[in-house]
Amino acid sequence: MLSRRLLLSLPAALLLIPALPVRAADPLPVVASFSILGDLVRQVAGPDAEVKTLVGPDGDAHVYQPSPTDAKAVAGAKLIFLNGLGFEGWMGRLLKSSGTKGKAITVTHGVKPRAADHDGHDHGNVDPHAWQDVGNVRIMVANIANALTDADPAHAEGYKARAAAYQAELETLESEIKAQIGALTAVQRRVITSHDAFGYYGKAYGVSFRAPQGMNTDSEASAKDVAKLISQIRKEKIKAVFVENISDPRLTQQLAKEAGAVIGGALYSDALSATGGPAARYLDMMRHNTKTLVTGMMQN
Ligand SMILES: [Zn+2]
């Protein structure tokens, strides 16, 4: 009797299992240092990780000052993603002061760093703006996927599948950029921006960029450098002059005015636009920048 009752009650017990209040595992808490990296991490993370970004849209990570809220986010994070290459000078102190037990992941590990060259000689600095070359972002996305998979192996399949899908989108993006720049003549491919953020883009896609301000935004452009750039713009009749979303546009506007050039629009160099803007995701940012650059360079 007992065994029969047990048998009869078994299917009922099994049916009950899906109805039990099963709590889904909380998403893995992670932090990304700035908006562009935040988007890349979100593309791979999907619903399996909750991504908090420290330096938000239109923010300048070169000169950022972390807030107590940032320290709290870092303290609770399992992974802290940073660009590295000297971009986030404030990160070391933030990691230490937050007391986090999370792992810091430098996503540019394996990227070939571009040395800063100015007037043909090396100043010994490394260019941090690696994301401006889609090839580098493919390395960064692979590093992000590996870090998420290691920290949260239960969701490895999801991380891997989303990373692979995003890699395919990056491949499409890169061929679009190459085709669009490739349609211009060598003489047309000259651009002036406010700070030296497009060295990787220039090297990857064959465009020459000059900027009055260096690779960091914390130092002022010297009057001598600005005067030199104005005479270069005049001499070479460069029409493609652009402001950036993270920089004060006044210097570039003055430069364009004195050199007889017109501002060709705003480029997104070190940060995404806010949601609803033209560059709210990395893929949109690269497409917007390329379209803006090509339109400007066609005037050269
Ligand atoms: Zn920069």
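I count as donors the N, O and S atoms within 2.8 Å of the metal (3.2 Å for Na, K and Ca); water is not among the atoms, so sites may look incomplete. The model is predicted, so local features need pLDDT of at least 70 and side-chain atom pairs 80 or more, while totals for chains, interfaces and linings use all residues. Residues are numbered from 1 along each chain as its sequence is written, and side-chain values use heavy atoms, with hydrogens and water left out.

**Zinc site**

I looked up the spacing of the zinc donor residues and found H-x66-H-x65-H-x74-D. They are His62 (NE2), His129 (NE2), His195 (NE2) and Asp270 (OD), at 1.9 to 2.1 Å from the ion. The four donor atoms make angles of 91 to 120°, and I note the site as tetrahedral (four donors, all angles between 85 and 135 degrees).

His129 sits in the loop between strand S6 (121-127) and helix H5 (134-151), and His195 in the loop between strand S7 (190-192) and helix H7 (199-205), so this pair ties together parts 66 residues apart in sequence. Helices here are DSSP runs (H or I, at least four residues), as are strands (E, at least two), numbered from the N terminus.

**Helix pair**

Next I turned to H5 and helix H6 (residues 156-182), whose axes (lines fitted to C-alpha atoms over the stretch in contact) come within 10 Å and cross at roughly 175°, on a scale from 0 to 180 degrees between N-to-C directions. I therefore log H5 and H6 as roughly antiparallel (over 145 degrees).

How values were computed:
Tetrahedral: all angles 85-135°; square planar, octahedral: opposite > 155°, others 65-115°. Parallel < 35°, antiparallel > 145°, perpendicular 65-115°, else oblique.
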